[in-house]
Amino acid sequence: TETFNVDQDLDFITKGLSIYASLAFDARFDNTINRSKSYQVYEYMGDDEVTGEHLFRTWGENTAQSNSNSFGSSKIRIFDMQAGLTYARSFGRHDISALLFINRNEYSTDTKNLTNIHQGPGGRISYAYADKYLFETSFSYMGTEQLPPEHRYGFFPSVSAGYVLSNEKFIKENIPNIINLFKVRASYGIVGNDDGLPYFYYLPSFKLNSSSRYNFGTTATNVPGWVENGLFNEFVTYEKSNKFNVGVDAKLFKHLNITADYFREHNTQILVQRSSISTMLGFGTTGNPKSNSGITTNRGYEIDLSVDGGKRDFYYQVGIQFTNVHNEIDFNDEQDFEFNYRKSKGNSINRPTGYVANGLYKDEQDLLNSPVTSFGNSYPGDIKYRDLNGDGKVDINDVSYIGKNNLPELYGAFYFTFL
């Protein structure tokens, strides 16, 4: 990785103004070097009864060292270029800072795909009054060539505000040793994401059909030809995430640190396969088109509690962290199931599906009195499954969401630092 930066003060225009530019280059690839050799090994079998000599059995044989060197398929090159203006100045109890920039990022791999480019302007304005009232707003207007021209750029703003109660005069004069820091803050913003977008999905594409389905010539020779390479979506666009956060930062009694946050993310325009479209249209079970119709919600809280202290050159901090997060599918463009328990709406992402166990078959009579299963014979001692729709048999219509997903909802950590 190499980075080049240059900046220039522009105080001759106005105090606090400067201009900067940066260029970063990163190149990565995988290289595997393998050196291997086999050796003959010995198994001790005891001692000879007459001579007392140790007896061994040999396994394998000594071989020459084999050498191999291979480069992986992941060869990545990244160029990042940015230039902009910064401004920072104080007017009495008023502190103002601003940033305006333009950025271009180029990401390429050692494949036939073209370089993926993201570019556009962005900016930020921050304001603080008496170190008590804080405000900041920012924006970006970014685009990528992977989206159609009319939807190529997206506007993503954000706003945040904070209030430092501990800087109020009545706190400093009366209980400064109790409340050393107490700040409340909140933020809201919109973020765009195009990760996982199929390569130039807004354009029709074709591939060479190797099954030789076309006949040409007087002898009707079968030859390969070009066919449509799946469906495309000329209206594909960014996924959007509306993020909200409210939190508290506090330091009490000079040693107790508290940080607490509540967050909520409402994600829309997620690119999902349109399973609501009937297979009678000829797309098959996996060829349905994709659209930006998925919706999910993530919400949770984070708490960090720690105690610090020290004397002279010794410092310590000991703390614990808790995080609880829950996600939920609001819309997934799935087929119109007859029974609600088969729908993903209201369930968490990656939650597994399956049959609901209902004990074990006790005996043959229990088998006869239970719903018939459609996935093989059952015997006493086997797991018995619930007939959720009450039609007298256990089949695909009785599959529901069960258990937990593979994403933890509760995290915890204990940490300590000594300096």
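A residue counts as buried when its relative accessible area is under 20%. In this predicted model, Ser126 has a relative accessibility of 13% and therefore counts as buried.

**Ser126 and its surroundings**

Ser126 belongs to strand β7, which covers residues 116-129. Leaving aside residues up to four places away in sequence, Ser126 touches Asp95, Ile96, Ser97, Phe135 and Glu136. With one of these residues, Glu136, the side chain of Ser126 also forms a polar contact of 2.6 Å.

**The protein as a whole**

The protein contains two helices and 23 strands. Its radius of gyration is 32 Å, whereas the globule rule gives 22 Å for 419 residues; the protein is therefore more spread out than a compact globule. The C-alpha trace spans about 90 × 85 × 65 Å along the principal axes.

Some further values for the protein are set out below.

| Property | Value |
|---|---|
| Buried residues, as a share of the 419 residues | 26% |

Of the contacts between residues at least 6 apart in sequence, 58% join residues at least 24 apart.

Technical notes:
Residues are numbered from 1 along each chain as its sequence is written. This is a predicted model: local features need pLDDT of at least 70, side-chain atom pairs count only at pLDDT 80 or more; totals for chains, interfaces and linings use all residues. Side-chain values use heavy atoms; hydrogens and water are left out. Helices (H or I, at least four residues) and strands (E, at least two) are DSSP runs, numbered from the N terminus. Buried means under 20% relative accessible area, exposed over 50%, partly exposed in between (1.4 Å probe, protein chains only). A polar contact is a pair of N or O atoms within 3.5 Å; within protein, one must be able to donate a hydrogen and the other to accept it, and residues adjacent in sequence count only if both atoms are side-chain atoms. Contact means heavy atoms within 4.5 Å. The radius of gyration is taken over C-alpha atoms; the globule rule is 2.2 Å times the number of residues to the power 0.38.
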